[in-house]
Amino acid sequence: MDDKEKAVMAMYHASNPGHFSGEASRFNHLPWSLLALAVGLIVWLVIALGHAENQRNALLTRACQDRVFPAEIDARCLARVQTRAHWWQHVLYALSHPNS
């Protein structure tokens with residue numbers, strides 16, 4: 001390289017951001033990705049547990065019994081019924097009563 005090329009390279013070297021997409025980073029992606037996946041799975045399981053306990057409680061208290069056919073269950077009612085005031089009450093009851 002001659003002096004002219006060295007001057008141009010020195011000028012552009014100062015504008016190097018230090019990190020670009022092709023460069024390896026020091027950030028360890030695997031543990032953080034696994035943590036995000038685990039947190040997402042836990043959130044999904046808590047939501048599913050809350051819905052299941054809500055429907056179990058509705059069936060237990062006969063909140064969705066069909067008015068025309070008393071032996072049947074109203075499926076639309078079961079999908080939207082709220083048997084307790086908050087979702088966390090369903091989750092706490094399900095976690096504290098595992099054999100119910």
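Colleague: Are Cys-64 and Cys-77 buried or exposed?

Modeller: Keep in mind that this is a predicted model, where local features need pLDDT of at least 70, side-chain atom pairs count only at pLDDT 80 or more, and totals for chains, interfaces and linings use all residues. Residues are numbered from 1 along each chain as its sequence is written, and side-chain values use heavy atoms, leaving out hydrogens and water. Buried means under 20% relative accessible area, exposed over 50% and partly exposed in between, with a 1.4 Å probe and protein chains only. By that rule, Cys-64 and Cys-77 are both buried.

Colleague: Nice! What is the handedness of the disulfide of Cys-64 and Cys-77?

Modeller: A disulfide is counted when two cysteine sulfur atoms lie within 2.5 Å, and those of Cys-64 and Cys-77 are 2.3 Å apart. The torsion about their S-S bond is about -70°, so the disulfide is left-handed.

Colleague: How many residues apart in sequence are the parts that this pair ties together?

Modeller: Helices here are DSSP runs of H or I with at least four residues, numbered from the N terminus. Cys-64 sits in the loop between α2 and α3 (75-80), while Cys-77 belongs to helix α3, so the parts tied together are apart in sequence by 13 residues.

Colleague: And how are α2 and α4 oriented to each other?

Modeller: Axes are lines fitted to C-alpha atoms over the stretch in contact (heavy atoms within 4.5 Å), with angles from 0 to 180 degrees between N-to-C directions. Helix α2 (residues 29-60) and helix α4 (residues 87-96) pack at about 85°. Under 35 degrees is roughly parallel, over 145 roughly antiparallel, 65 to 115 roughly perpendicular and the rest oblique. The two helices are therefore roughly perpendicular.
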